[in-house]
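Here's a quick briefing on a multi-chain model, with an eye on charged pairs, a pocket and confidence. Have a look at the structure first, then read on.

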Amino acid sequence: MPGLGTSFGRGGATTAQQDLANADCILIEGSSMAEAHPVGFRWVMKAKERGATIIHVDPRFSRTSALADIWAPIRAGTDIVFLGGLIRHLIEHNLYFHEYVVHYTNASCILSDEYGDPEDSGDGYFSGWNAEKRAYEGDSWVYKGGDLSRPERDLTLQDPQCVFQKLKRHFSRYTPEMVEKICGIPPDLFHKIAHCLAAASGPERTAAVCYAVGWTQHSKGVQIIRTAAILQLLLGNIGRPGGGILALRGHASIQGSTDIPTLYDILPGYLTMPRKGDETLQKYLDNYTKKTGLWSNYPKYLVSTLKAYYGKSATLENDFGYGFLPKLTGNHSFFEFLYDMLDGKMEGMFLMGQNPVVGAPNGRLQRKALSKLKWLVVRELVEIESANFWRESPEVERGELKTEDIETEIFFFPAAGHAEKEGAFTNTQRLLQWREKAVDPPGDCRSEAWFIHQLALRLIAKAKASDDPLDEPLRALDWWYPEDHLGDPKMEAVLAEINGWYTNPVATGADRGAGDGVLFGGIDRQGNPHHGPQVNGFAELKADGSTASGAWIYSGVFGRDGVNRANARKSRDYLGHGWGFSWPSDRRIIYNRASARPDGRPWSERKKLIWWDSEKWTGLDVAGFVQGKAPDYEPEVGAEGLDAIPGDAPFILHEDGLGWIYVPKGLKDGPFPTHYEPLESPVSNELYSRDTNPPELWFPRSKNRFAPPGDSRFPFVLTTYRLTEHHTAGGMSRFLSHLAELQPEMFAEISPELARELKTRNGDYVCIVTLRGAIEARALVSRRTRPLHLNGRTLHQVALPYHYGTAGLVRGSAANDLLSISGEPNVTIMEAKACTCNIVPGRLPRGRAFAEFLNKYAPQTGPVVLHPEEPQRDVMAGGGGHAMEGKE
Amino acid sequence: MIGEGTHSTNQRRHNYVQENVEVGFFTDPTVCIGCKACEVACKEWNEVPDDGFTWSGNSYDNTGHLGASTWRHVMFLEQDRQKGSQLVGSHSLGNGEDPFRWVFLSDVCKHCEEAGCLEACPTGSIVRTEVGSVLVQNDVCNGCGYCVVSCPFGVIDRRPEPLPNAGGAFKCTFCYDRQKSGLVPACAKVCPTESIVFGRLDDLRARATKRVEDLRQHDYNDAQLYDPTGTSVRGIHAFFLILGEPETYGLPPKPEVPTIYLKSAWTAAFATAIASLIVTLLAFAFSS
Amino acid sequence: MNTPASEKRLEQLREKAWQEGVVPGRGVDVVGGPIPRKPGYYGEPVVKPPVWTWEIPLYFFFGGIGGMSALIAFAAVLFHHVDLARAAVWLAVITGAILSPILLILDLGRPHLFLNMLRVFKHRSAMSMGAWILTAFGTCAVPGLIAIELHARQIFPGTLDQLLSFAAGIFIFGSAIFGTLLATYTGVLIGATAIPAWFLHRTLLPIHFGTAGLGSAAAVLELLGHRIFALNFIGFYAAAVETVLLIWLSVAKHGAADRAIHEHGSGWLIRSGEVLNGPLALILRFLGFIPWAAISFLVGALVSRIGWIAVGKVSGADPEAVFAAQR
Amino acid sequence: MENMFALLSKWPLVRQIRERKDGTGIESMSAKTRAMHARIDDAKVARSICPYCGVGCGQVIYHKEGKLISIEGDPESPISQGNLCPKGAASYQLLTHSRRETKMKYRAPRAKEWTEMSLERAMDMVAERIWESRKRTFVHKKDGATINHTTAICHLGGATLDNEENYLIKKLFTGGLGMVCVSNQARI
């Protein structure tokens, strides 16, 4: 999550859910928390009962709005304007937390003279824009002098080149009137919200912000989160109780799956995957190691990871096996390789607990792509759409695909459920929680760990039998894990490796922590000495190969005392110390140095968390700071690593230790958030001549086209959302009678006004059409959805739950068939929360008649590129290198 | 022991059955988020079958009403009224001119002080338990269906074929089995916002009265307690805080236990019997 | 908070919206939108309509005949109409002691558990009382029949036969007493429920069921050829009472609360039933068409029983009825 | 005579008369009701976490002789304090419902139906497929630079899996096989 990562240092929620109870005001935006995270919302209600004001900003009046004190409707995809408006309001009326902003943020840092703001030109570009490459270049964004470690600062915030003045100017046109014009939020409501937030700021009070994919799934998702980060920094709410930004994650371990990534561009612990050209380890380390701050330890973390991967085969001589790691040659994210699939360049695929046919944008392309694979492995609890697309997909029903023509060879492995295997999830607040195994899985059901383990054994055997140098990485792979009676690897053994150990072997034979801190006897499958004592935390990791750690940020979860802290189950305090393990170092509220004044005293009795007790940092949480570093510590010139971080700089992952209101490095689409319209929008940008996010990755293709701004064929704004009663693509809910009966059919939420325009009644069938496809749903007419009045024009919004598909107990059209494939510049995420559509009353024609219907309302022929700002294929930078050819 | 010493009464272990303490539910819509966890938890614990897969179009309520296979039912009311001092986005800050609110309330068997079903049951299948709840004994009920028409709240119903356990009458058991083991009923235990509170009846009544007062002070002018103590039902053990009138929740404003009709009905019956006797005897007397 | 005025306006708009689905005007625009229709929650029933099927009205019908024919049998015994007495007892046993239990058991959701009816004795439960009454009736009627038949056929000589006839008298008297209750309690059964149209007429129902039972019993016996003044007299009486009840029903209306009796198919069933066993039967008797009068009365009695169950189903499913009854 | 009386005293009516009760209370309870207790009383307990969303509610899993009995919220979790949402509350059905697949299934190219297959055989075949595809598509160098990767085998999914499983997936697929097309629901 670069939004949070670049602003504060770590890509994770800054606080714990139960800490919301301490907030004086909670802003929920880009999330229907009560619906998608009901039990987390428990703490919002606790705060409300303690007198906090709950604000919900959302296109829908959802179950969250029903419980909020204030609900503000907003046009999907205009959040930056609303939040920017709040920022402007705080600055104009001097309502920001001055002392916090001056000392803890980079508001005072001086920018280089080359920095150019969209305000300068008004066209919506920052300095460094390269129109050919569709990317920002150069380093005109960095601080004056180009040194991130020791920025020049003006603590009066008056210097016209300082971040604060630039910020003020950047958002100067984001007025309440503009907010009404663009978002449709009336000024009186805007002021009410601004007042509530400003009132919950300062030494005595804090406010929290909660968001979910309602913010991330936009063409500028990262920048929306950035805007919230700036807001919270101005209000002085980061690192303090009842403050922070809570990213609400939609899956049990989605945080875990980025910490220990199954993602192409990073290694465990947010280490960068080597790219083509990072030829040697040294070259690679030079590229990614920072001079000051925690990231100065980069080599220690990477080498420890390589030691965990390749064990004895990782030696000083062979760069610790750095050469074994594959190198990236570009963007290899899902959408990129999806297009490879469509073009027949992909041979095989593994699907483990994901159902792209329903859950990923442009379902029709997803299904076609699967049908072009040579082989497909699906591991699931039930026969999901992605496993039976070859006989039950809409395309088969419509004759677009023929079962007997589909070459794909499919292996369906029944998976083990959460009670049938052990292991840890990392929840939305960075908390590792271990699951004990209750029973064996039924029949052929097995865990993913079993699958990977058994596969690894087979492949490594093949590699050992061959002498092909290309198989060297496989031969080098350290696969030492002991097994249980089913042939599953012992998951605590994996956790031990993730935590890390000293590599010098000490064989004890004892199965588990025999005092000396060696786990699992320190021996491998063959009984040979394998590893030494556990490390107690990432502070112990070394770059000389003497330590191994599978994921440095998790280090400390399974230390020398042999206690699996993820499985700790005795909570001592409200933050839950003693229950699970919260990375990093069991810290529950990160950057908590900011909960104390610069001089180390708590801001207030009411909001105390950690403080300086004259020789060390102490308090209610694990201090996120060097234990003995005094508040008045000043690094001497040329200091490196953490020593370069002064005693009053809470954000120690940043070179300057400051919270970044302005991001001088690390983002592809600008140091400040800027409003751009969604790729598909009924209106054009009121603020700048540029409509859409400049470096956006479009994925132009004949079946993935975008409607131009204000296209009269698609007059309505479409947004998608989750129901409490269902889970994501439905594999875990649509097949269960007790959940399915609660929301048994696909529906579309529309306003009474729109219903009248369409001459539709509640419960009637309607078809929703976009350039990508058409689906049918029952009309749920309700005042919960209401038209927006912007710029004197009435704009209707349609909201669709996205859980339904063609398999399971209850079935219905998949909303994702309507959405387009596109990539936010930093993380390549699709814009699922805002696009334009048309609504046609009546049932959707079945069989071959469908194509005719679609063509009538969304012509499928003609030019592929309709949006004026959409690139022609050959000028695509980074993503979307693929093009419209490819015959599907 | 898991569950010892946690704050909410919804998690604490208890001995109410052993100590013959009257218990109840207090359900509060002002903190309900309409998540339906109570419906699911109830069905999971009590192994209640699904109640059909029909989409109603009535807001988010696809359950409809309590019945033989629905023992908890979350209602979704969309009303043109203001909820407390809530501001809902519109050009008039929601208040006055253009009000709107969405209210959720989890309905359940009321476990009446004077229970119609209990009085009506001819087999003694329905009994009053140690904790004052009303329990249908599935192994005794012969499905005569008389309780169905005797419940003033339309809660209990006979389960038709082809559902499992068909033929008998079913309703909320107040998780009697759980309570006997010192556990809290499934719906209350699961409720994320403690909109459903389980506890001693007297405590709950006090808590509820206070809650209504607090709400009224915070502009919830139409907040009231639904607990018909004034009628022959003489109060319910699962009572509700409601916003607005009972009718909008499908709750009878003045529920009566049908036994109050017995006196007049039996009088008429005996009168008719005697009249018939006399008339018949007279008829024969004259004819001979 | 809403003023009564705006409430009233909203009210009208809601109603309009409900009927037409479209309402112009800002603020309360509810095109076919789901809004709680007042009174009630989306018009869902407040109480549950009866789950009973065809068996119950038949049970009411035959129970009435059985019970009351026992009474006639008793009178016949007293006044030495031996043949009529025998016929009446046969009728009582067949309808009251055999058909009725069978119908009752057929209606149970779990017929194999019918014995549980005698598990407890609950005087506040009309169903429990009914079960015991039916049992008692059976235990009197069956021996009564045996006794009277043995006596009539003169199987045993002298004193034993004396004893038999005495026993017959006692048993038949017993069955007569329980019989009258068997014929009337069914009115209590549905009168003391939460179904508005039923409990609002809880006094009328036992009278109707009982009298209809008496009339039906007499009618059957007449059709079996027992054309004596007594039965005709009873016929007149029953028809007259039913006529009065018809008038009563059409006078004592409770608006929405019992509209099920006056509207819908259920209303028609009630009315046609009452006309058949009330005025029509009466007139036919005056004109001397006794068999026709008897038939008309029987059909009327049956139809109105079916009608009353139908009324229960309609009234129970109608939330407005419940609210109206409680206002 | 003795057991005759015992039989009679089992009849609630007798109990009712003896205890002067009206038949609405304890006296009418059946033996089954009197013996009633929660089915989890004598079950074994496993502490677990809800598999649905990212809140991470604590779950207590009750099981007996290798069979699941019930799944409830863990009252001691500082996050959920014993509560669950409807999905979490349904997680017992998630693992026990009739539509769950428990057999390995294989679909041959162009086939119209699934065929059953042993796990072992399937694992061997999958290993074979990977091996061949990798051999066919592995790239050692591209314009002079070492890249050692294949872009013709991809992985999708992970946000619903355990950290340890994700770790093994990345270690084998990327660290061992050189697969770079590895992705899941998350975007960072």
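**Salt bridges, a pocket and confidence**

Arg86(C) comes out partly exposed, with a relative accessible area of 24%. Its partner across a salt bridge is Glu149(C), with the closest N and O atoms 3.0 Å apart. Keep in mind that this is a predicted model.

**Charged pairs**
- Arg86(C) sits in helix H3 (residues 82–107) of chain C and Glu149(C) in helix H4 (residues 126–152), so the pair ties together parts that are 63 residues apart in sequence.
- Glu149(C) is buried, at a relative accessible area of 7%.
- One network, joined by salt bridges that share partners, includes Glu35(A), Arg784(A), Lys36(B) and Glu78(B).
- Over all chains, the count is 87 salt bridges.
- In chain A, Glu385(A) pairs with Arg734(A) in a salt bridge, the closest N and O atoms being 2.8 Å apart.
- Glu385(A) belongs to helix H19 (residues 385–392) and Arg734(A) to the loop between strand S21 (716–721) and helix H24 (737–740), so this pair links parts 349 residues apart in sequence.
- Both Glu385(A) and Arg734(A) are buried.

**Second largest pocket**
- Its volume is about 920 Å³.
- The lining has 33 residues, and among those nearest the centre are Lys48(A), Glu49(A) and Arg211(B).
- By class, that lining splits into 10 nonpolar, 10 polar and 13 charged residues.
- Helix H3 (38–49) of chain A and helix H7 (201–217) of chain B each supply at least two lining residues.

**Confidence**
- The predictor gives the complex an ipTM of 0.94 and a pTM of 0.94.
- Chain C averages a pLDDT of 89, with 88% of the residues scoring at least 70.
- Over residues 21–36 of chain C, though, the pLDDT is below 50.

Notes:
Residues numbered from 1 in each chain as written. Chains lettered and ligands numbered in written order. Predicted model: local features only at pLDDT ≥ 70, side-chain atom pairs only at ≥ 80, totals over all residues. Heavy atoms only, no water. 1 Å grid on protein atoms, 1.4 Å probe; cavity = no way out; pocket = protein on both sides within 12 Å on 5 of 7 lines; lining within 4 Å. Points joined across faces, edges and corners; volume = space filled by probe spheres on them. Helix = DSSP H or I, 4+ residues; strand = E, 2+ residues; numbered from the N terminus. Nonpolar A, V, L, I, M, F, W, Y, C, P; charged D, E, K, R; others polar. pLDDT = per-residue confidence, 0-100. Contact = heavy atoms within 4.5 Å. Salt bridge = Lys/Arg side-chain N within 4 Å of Asp/Glu carboxyl O. Buried < 20%, exposed > 50% of the residue type's maximum accessible area, 1.4 Å probe, protein only.
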